[in-house]
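Subject: Structure for your review

Dear colleague,

Please find below the structure that I am handing over to you. My notes on it follow, arranged by region.

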Amino acid sequence: MQATGLGTVRRSMRRILEINLGLKAYKKRKLHRLSLKQMDARHRRSKSLLKRHDDESVKKIIFSDEKLFVVEAKLNAQNDRMYSLAIEDIPENFRTVQRFQKSSSVMIWGAIGHNGKIPLKFVDKGIKITARYYQDEILRSTLKPNGQWTFQQDSAPAHKAKTTQAWLRLNCPDFISSEE
């Protein structure tokens with residue numbers, strides 16, 4: 001194979017770039033592209049939050065989120081390599097990764113702040129996190145209204161629901177609303 005337009009074999013070009021010049025190959029990264037409207041909204045929100053929270057009050061923010069963990073072996077076919085004289089020398093369980101239609105998974109909610117963490121909350125399998133479930137089963141059982149702290153969450157539908165925002169206004173000393 002020829003290096004584009006130079007009449008040089010790819011292997012020679014790679015040797016020159018990596019060994020002689022000390023260069024490393026890097027893959028392009030995928031980035032989430034933001035529209036001008038989204039960038040403007042984030043900029044306004046950031047400025048507003050910076051005005052509201054000084055260095056000390058930032059330490060009182062409790063950040064929360066949930067994550068679905070899938071219990072399945074990962075496979076990167078491009079980079080997961082095994083070396084052997086023959087494929088037969090590699091045991092079957094090392095050279096294959098099984099995939100299932102419905103993988104086992106667990107959803108976990110957690111919250112953390114400058115002074116520590118709130119105990120993790122495990123969501124039962126098959127439960128959809130609706131606004132009602134989020135308020136009754138997660139917030140009510142984990143957030144304690146005593147103390148001076150500010151609650152922050154992302155913009156998941158259950159989080160920005162009007163009923164959740166109202167619940168937080170009544171039950172939290174302070175929170176960053178979905179509009180902020």
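**Helix α7 and its surroundings**

Helix α7 spans residues 162–171, and its buried residues include Thr164, Gln165, Trp167 and Leu168. Viewed down the axis of α7, the buried residues fall within an arc of 160 degrees, so they line one face of the helix. Lys162, Arg169 and Leu170 are exposed on the other side of α7. The cover over the buried residues of α7 includes α5, β6 (150–152) and α6 (157–160). Please bear in mind throughout that this is a predicted model.

**Gln153, in the loop between β6 and α6**

Gln153 belongs to the loop that runs between β6 and α6. Is this residue, Gln153, buried or exposed? Its relative accessible area is 9%, so Gln153 counts as buried. Two polar partners can be named for its side chain. One is the side chain of Tyr134, with which the side chain of Gln153 makes a polar contact at 2.5 Å. The other is the backbone oxygen of His159, which the side chain of Gln153 reaches at 3.2 Å. Setting aside neighbours within four places in sequence, Gln153 is in contact with Ser64, Tyr134, His159, Thr164, Gln165 and Leu168. Of these contacts, Thr164, Gln165 and Leu168 are also among the buried residues of α7.

**Helix α5**

Helix α5 comprises residues 131–142, and Thr142 lies in it. Thr142 has a relative accessible area of 12% and is therefore buried. The side chain of Thr142 reaches the backbone oxygen of Ile138 at 2.5 Å. Not counting residues up to four places away in sequence, Thr142 touches Trp109, Ile118 and Lys121.

The side chains of Arg132 and Asp136 meet in a salt bridge, at 3.7 Å from N to O. Arg132 is partly exposed at 46% relative accessibility, and Asp136 is partly exposed at 28%. A network of salt bridges links Arg132, Asp136 and Arg140.

Side chains of opposite charge can pair when their charged atoms come close. In this model the count comes to 6 salt bridges. Those with a residue in α2 include the following two.

- Arg44 and Asp40 form a salt bridge in which the closest N and O atoms are 2.3 Å apart. Both Arg44 and Asp40 lie in helix α2, 4 residues apart, about one turn of the helix. Asp40 is partly exposed, with a relative accessible area of 39%.
- Asp174 and Arg52 meet through their side chains in a salt bridge at 2.5 Å, N to O. Asp174 lies in the segment after α7 and Arg52 in helix α2, so the pair ties together parts that are 122 residues apart in sequence. Asp174 is partly exposed, with a relative accessible area of 27%, and Arg52 is likewise partly exposed, at 31%.

Strand β4 covers residues 104–113 and contains Gly110. With 15% relative accessibility, Gly110 counts as buried. Gly110 touches Phe63, Ser64, Asp65 and Leu120, not counting residues up to four places away in sequence. How far apart in space are Gly110 and Ile138, given that they are 28 residues apart in sequence? From C-alpha to C-alpha, Gly110 and Ile138 are 9.5 Å apart.

A second pair of this kind is Val58 and Gly113, which are 55 residues apart in sequence and 9.2 Å apart in space, C-alpha to C-alpha. Val58 lies in helix α3, residues 55–58. The relative accessible area of Val58 is 39%, which makes it partly exposed.

**A nonpolar surface patch**

Ile16, Leu17, Leu21 and Leu23 make a nonpolar surface patch of about 330 Å². Leu23, one of these residues, lies in the loop between α1 (10–20) and α2 (36–52). At 46% relative accessibility, Leu23 counts as partly exposed.

Yours sincerely

Technical notes. Residues are numbered from 1 along each chain as its sequence is written. This is a predicted model: local features need pLDDT of at least 70, side-chain atom pairs count only at pLDDT 80 or more; totals for chains, interfaces and linings use all residues. Side-chain values use heavy atoms; hydrogens and water are left out. Buried means under 20% relative accessible area, exposed over 50%, partly exposed in between (1.4 Å probe, protein chains only). A polar contact is a pair of N or O atoms within 3.5 Å; within protein, one must be able to donate a hydrogen and the other to accept it, and residues adjacent in sequence count only if both atoms are side-chain atoms. Contact means heavy atoms within 4.5 Å. Patches are made of residues with over 30% relative accessible area and no salt bridge: like charges are joined within 9 Å, nonpolar side chains (Val, Leu, Ile, Met, Phe, Trp, Tyr) within 5 Å. Accessible areas come from the Shrake-Rupley method with a 1.4 Å probe; for residues, only the protein chains shown count as cover. A salt bridge is a side-chain nitrogen of Lys or Arg within 4 Å of a carboxyl oxygen of Asp or Glu. The arc is that of the directions from the helix axis to the C-beta atoms.
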